[in-house]
Amino acid sequence: MTPSNPVVSHLRDALGPLKDREQVALRLLESSARHSFDPDTELDWDAPLADGKWFWPPELVSLYGTPLWRTMSEEQRIELSRHEAASLASLGIWFELILMQLLVRHVYDKPATSAHVRYALTEIADECRHSKMFARLIERGGAPAYPVSPLHHNLARILKTVSTTPGSFACTLLGEEILDYMQRLTFPDERVQPLVRGVTRIHVVEEARHVRYAREELRRQMVRCPRWEASLTRLSCGEAARVFSVAFVNPAVYTNVGLDRREAVAQVRASGHRREVMQTGAKRLTDFLDDIGVLRGAGRRLWRSSGLLA
């Protein structure tokens with residue numbers, strides 16, 4: 001049994017007192033015990049795909065509302081949504097592989113019997129299932145996998161090797177919260193394929209715990225870390241936002257649905273609707289990062305250049 005009132009540590013930041021690390025982990029462990037899913041048995045992978053259904057809500061497809069979009073047939077638009085869903089699932093696997101390694105590094109020196117470590121291991125198990133689920137969704141949807149570019153792949157190799165703890169959790173939230181915003185719009189949308197809705201529902205429920213864990217730990221780290229580490233976190237987080245915005249949709253999707261890649265990329269970059277979608281998806285995160293002192297100086301300028309911060 002856990003206490004009815006949350007334990008509060010002596011630490012505080014601009015958002016107020018921080019809750020005790022062990023208390024947070026115990027509550028997340030309890031939630032995991034009640035609300036965890038096995039995608040292999042929870043979802044009907046053998047059901048046929050529904051004719052005329054989208055693979056991603058049309059308003060979230062990158063070209064939505066552009067001049068090019070207006071020239072496309074409904075079938076071509078749905079086909080683009082299929083490829084973009086595969087691209088986002090591929091991006092999700094990439095992020096989760098990075099996250100799992102960062103979590104292992106985070107707990108390596110911590111007491112193995114603590115609730116904080118037990119929850120990290122629980123989250124790693126969640127992310128293993130999510131990565132397999134996304135891979136299976138790509139295969140079932142029939143579009144190819146879309147790995148990130150070799151440059152971004154190797155930049156991530158450096159990040160997960162040298163990142164300090166606050167930088168790790170800031171980048172974790174970047175990878176989780178924008179996709180979470182889009183998935184919250186996807187799973188209730190009856191225009192979307194039932195399998196895609198099922199995948200996003202599972203991911204939203206389980207990612208809510210991961211976001212809570214990362215936010216609480218990032219707050220704690222930013223309060224306790226030395227000044228140089230806070231400055232490095234601001235820069236690394238800003239650079240991660242810039243990379244994320246570029247890698248979000250693989251431009252090969254446009255070629256694979258018969259569009260001119262260069263023109264499609266240019267129209268996405270010029271799209272006010274797309275900019276609004278991405279900034280709205282990032283707003284809850286950027287407000288939080290601003291409150292705890294991450295969006296400052298050169299790091300804030302990097303966030304602005306990414307297009308994710310208004």
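How many of the 310 residues in the protein chain are buried? Buried residues make up 54% of them, where buried means under 20% relative accessible area, exposed means over 50% and partly exposed lies in between (1.4 Å probe, protein chains only). Please keep in mind that this is a predicted model, in which local features need pLDDT of at least 70, side-chain atom pairs count only at pLDDT 80 or more, and totals for chains, interfaces and linings use all residues. Residues are numbered from 1 along each chain as its sequence is written, and side-chain values use heavy atoms, with hydrogens and water left out.

View 1. Helices (H or I, at least four residues) and strands (E, at least two) are DSSP runs, numbered from the N terminus. Along the principal axes, the C-alpha atoms fill a box of roughly 60 × 45 × 30 Å. Of the contacts between residues at least 6 apart in sequence, 80% join residues at least 24 apart, a contact being heavy atoms within 4.5 Å.

**View 2. Helix α13, residues 297–306, and its buried side.** Here Gly299, Trp303 and Ser306 are buried. Seen down the axis of α13, these buried residues fall within an arc of 60°, so they line one face of the helix; the arc is that of the directions from the helix axis to the C-beta atoms. As a reminder, an α-helix has 3.6 residues a turn, so residues three or four places apart point the same way. The buried residues of α13 pack against α7 (165–186), α9 (227–247) and α12 (272–291).

**View 3. The other face of α13, and the residue that follows the helix.** Turned away from the buried side are the exposed residues Arg301 and Ser305. Just after α13 comes Gly307, with a positive phi of about 85°.

**View 4. Leu174 in helix α7.** Leu174 counts as buried, at 1% relative accessibility. Not counting residues up to four places away in sequence, Leu174 touches Ala240, Ala241, Phe244, Leu285, Trp303 and Leu308. Take a look at the pair Leu174 and Ala241: they are 67 residues apart along the chain, and their C-alpha atoms are separated by 7.0 Å.
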